[in-house]
Amino acid sequence: MRDTLLIALFAFVGAAAAGLLGAFVLRLIRRRSLIAHLAVVVGVAVTAMLAGTLAVAQAMFLSGHDLTVVTTVVAMAAVVSLATALLLGRWVAARSRALALAARSFGDGGDFTSPDGPATAELSALSRELEATSAKLAESRERERALESSRRELVAWISHDLRTPLAGLRAMAEALEDGVAADPERYLKQIRMEVERLNGMVGDLFELSRIHAGALALSPSRVSLYDLVGDALAGADPLAREHGVRLVGNGVEPVPVEVDSREMSRVLGNLLVNAIRRTPADGTVAVAAERSADGVVVSVTDGCGGIPEDDLPRVFDTGWRGSHARTPPAGAGLGLAIVRGIVEAHHGSATVRNIPGGCRFEVTLPTADA
């Protein structure tokens with residue numbers, strides 16, 4: 001038993017010396033390739049075995065013949081182990097280079113495709129993460145392209161919408177100045193209407209810029225949704241009468257919400273104006289509000305005939321109008337974008353879906369704490 005402990009002690013000392021040397025070498029080559037690291041690890045294993053054997057032999061526990069035999073066996077094992085380590089290192093290095101080449105597609109704006117062939121569990125996990133990242137980057141690029149496209153459309157449309165009334169205002173002002181206006185009162189009334197339209201457009205642009213800049217300051221207070229909807233219906237009633245549209249708001253529950261009353265009134269007003277202008281005469285625009293699992297849902301249902309499925313994801317985009325018309329009823333394409341911005345600032349969500357004969361806009365808001 002004592003001899004066994006001594007053998008173990010001498011073997012441990014020799015192996016420990018080889019391990020420390022190997023750790024020092026690994027630290028020196030820590031920036032080298034994986035092949036070099038594997039070669040050092042195999043070398044440490046073989047050297048540790050040989051060092052332990054030599055230590056035991058030095059203590060005269062082995063004969064000269066036995067030492068030669070053990071040394072020869074260790075040498076052969078070292079050759080085979082080193083060759084295996086080099087093959088494994090070359091395979092792993094080749095797989096890593098293929099993965100690195102595939103990852104370069106990120107910089108070129110392409111998609112990542114995992115290299116074919118088997119791989120270690122770690123490299124496979126890395127490939128899956130890169131594929132997931134590639135998908136997220138592709139979605140981000142698509143959103144960026146869509147946003148840039150909507151911004152360009154908005155600039156073009158706003159430029160047209162500003163140029164048209166300004167040209168009319170200039171012509172009417174020149175007519176009044178030259179005294180050739182047949183009906184000055186009508187000209188002045190038209191000028192006032194155009195100025196109000198321009199003022200509303202500038203106000204929408206300012207509101208949208210605050211939303212995009214994250215500078216929309218809210219002053220939330222506890223109010224009843226019934227009162228908010230009632231005020232919005234009263235404000236939209238003249239426009240509904242002008243278009244021959246019926247407003248219905250019978251399905252509104254008196255649910256308390258914590259919102260900025262002014263901003264939320266703008267949301268409901270934009271939704272109602274949009275619904276009234278898209279609904280034909282003798283149609284109906286219905287407003288409802290009820291509790292749900294996510295909070296409280298306010299819905300505005302119109303009779304527009306439905307929105308094409310391809311356009312549904314773009315309804316709340318800046319500048320979207322749903323048609324190529326440039327007439328005043330088409331608006332500047334800012335109302336629904338403002339709706340989404342204000343609702344999201346209240347930690348809610350705005351959605352739209354088609355229903356038979358029209359579409360249904362839904363705004364989900366968190367309920368007020370009891």
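Q: Hi! In S7, which residue does Ile355 stand opposite?
A: Ile355 has Gly358 of S7 across from it. Strands here are DSSP runs of E with at least two residues, helices are runs of H or I with at least four, and both are numbered from the N terminus. One note on the source: this is a predicted model, where local features need pLDDT of at least 70, side-chain atom pairs count only at pLDDT 80 or more, and totals for chains, interfaces and linings use all residues. Residues are numbered from 1 along each chain as its sequence is written, and side-chain values use heavy atoms, leaving out hydrogens and water.

Q: Thanks. In which sense do S6 and S7 pair, and over how many bridges?
A: The two strands pair in the antiparallel sense over 7 bridges; pairing takes at least two DSSP bridges between strands.

Q: And what is the strand order of the open sheet?
A: The order is S2-S4-S5-S7-S6, 5 strands with mixed pairing. Strands S2 (246-252) and S6 (349-355) stand at the edges with a single partner strand each, so one side of each has no neighbour in the sheet. The twist averages 20 degrees from one strand to the next; angles run from 0 to 180 degrees between N-to-C directions, with axes fitted to C-alpha atoms, for helices over the stretch in contact.

Q: Which strands does H7 touch?
A: H7 packs on the sheet and touches S2, S4, S5 and S7, its direction making about 175 degrees with that of S7. Contact means heavy atoms within 4.5 Å.

Q: New topic: at what angle do H7 and H8 pack?
A: Helix H7 (residues 261-278) and H8 pack at about 145 degrees, with axes 9 Å apart. Among the residues making the contact are Arg266 and Leu271 of H7, and Ile338 and Val343 of H8.

Q: Back to S7, then. Is Thr364 buried or exposed?
A: Thr364 is buried, at a relative accessible area of 16%; buried is under 20%, exposed over 50% and partly exposed in between, with a 1.4 Å probe and protein chains only. Thr364 lies in S7 (residues 358-365) and its contacts include Asp294, Val343 and Ser349.

Q: How many aromatic pairs are there?
A: The count is 1, for rings of Phe, Tyr and Trp (its six-membered ring) with centres within 6.5 Å. The rings of Phe316 and Phe361 have centres 6.0 Å apart and planes at 85 degrees, so the pair is edge-to-face; that label needs over 60 degrees, while under 30 is stacked and the rest tilted.

Q: Why does Phe361 count as buried?
A: Phe361 counts as buried because its relative accessibility is 3%. Phe316 is buried too, at 7%.

Conventions
Lists of a residue's contacts leave out its neighbours within four places in sequence.
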